[in-house]
Amino acid sequence: MASAPPEPLILASTSPQRRAILEQLRIPFDVVAPSFAEQGDDPVEHAAGKSRSIDGGDRPVLGVDTVVVCDHAVLRKPETLTDAEGMLELLSGRMHQVVSGLCLRTPAWEELHREVTRVTFRMLTPRDIATYIAEGEWEGRAGAYAIQGFGANLVERIDGDYLNVVGLPAALLVRLLAERFAGTYGFG
């Protein structure tokens, strides 16, 4: 006899990348936009704030926030085309870190974690940057690029969880679901 499907977790985010990753992993979820005003640059604090702003009842609530860090500078989503160009110039030929905060909680417990993936860009010419900017893919992306799209051409090397760079530290989430909900979501 087949068991009942698990209660969908609640994703405290409207990010299409995070939704796509949860769908890829076949984790059932509902989206609820968080009512949390981000202040400062700590993605762990932001993930916790997003998750805690949602009343999930007995269902697990997942909050995630991602930033790019290069040479101690925190790169969030660029506000202008000029911001995006500056970020790509900074990242050119260098290693940077994609840092995500993840908060998974229920009324009984809370897991709060940081995941870091190292990404190295190839040396970019002004033409490379102009071509990428013209694509428009930089908009709404921490660090002004999307590795899962045309931005893959900017990357020379990656060390760590690829899906963390896309927007959700999937390996970490799967481990937590396997530990906290063994078998419920298909893991553990």
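Which residue in strand 5 is the bridge partner of Val68? The points below answer this and describe the surroundings of that pair.

1. The model is a predicted one. Within it, Val68 has Val98 as its bridge partner in strand 5. Strand 5 covers residues 95–105, and nine bridges join strand 5 to strand 3 in the antiparallel sense.

2. Val68 also stands opposite Leu75 in strand 4. Strand 4, made up of residues 73–75, runs antiparallel to strand 3, and three bridges join the two. Strand 3 and strand 4 form a hairpin, with two residues between them.

3. The turn of this hairpin deserves attention for its backbone angles. Asp71, in the turn, has a positive phi of about 55°. His72 is found in the loop between strand 3 and strand 4, and its phi, near 70°, is likewise a positive value in a residue other than glycine. Most residues other than glycine have a negative phi. Is His72 buried or exposed? His72 is exposed because its relative accessible area is 78%, whereas the exposed class begins over 50%.

4. A further positive phi, near 60°, occurs at Arg26, again a residue other than glycine. Arg26 lies in the loop between helix 1 and strand 2. Its relative accessibility is 68%, so Arg26 counts as exposed.

5. Strand 3 spans residues 61–70 and is mostly covered, with nine of its ten residues buried.

6. In soluble globular proteins, nonpolar side chains tend to be buried together.

7. What does Leu173 contact beyond its neighbours within four places in sequence? Its partners are Leu22, Ile27, Leu62, Leu102, Leu104 and Leu168.

8. Helix 2 (residues 43–52) is another mostly covered element, with eight of its ten residues buried. The buried set consists of Pro43, Val44, His46, Ala47, Ala48, Gly49, Lys50 and Ser51. These residues pack against helix 1 (16–24), strand 3, strand 5 and strand 6 (110–121). At the start of helix 2, a side-chain oxygen of Asp42 reaches to within 2.9 Å of the backbone nitrogen of Val44.

9. Arg59 is placed in the loop between helix 2 and strand 3. A polar atom of the Arg59 side chain lies 2.7 Å from the backbone oxygen of Pro8. Not counting residues up to four places away in sequence, Arg59 touches Glu7, Pro8, Leu9, Ile10, Asp30 and Arg105.

Technical notes. Residues are numbered from 1 along each chain as its sequence is written. This is a predicted model: local features need pLDDT of at least 70, side-chain atom pairs count only at pLDDT 80 or more; totals for chains, interfaces and linings use all residues. Side-chain values use heavy atoms; hydrogens and water are left out. Contact means heavy atoms within 4.5 Å. Buried means under 20% relative accessible area, exposed over 50%, partly exposed in between (1.4 Å probe, protein chains only). Helices (H or I, at least four residues) and strands (E, at least two) are DSSP runs, numbered from the N terminus. A polar contact is a pair of N or O atoms within 3.5 Å; within protein, one must be able to donate a hydrogen and the other to accept it, and residues adjacent in sequence count only if both atoms are side-chain atoms. Two strands pair if DSSP finds at least two bridges between them.
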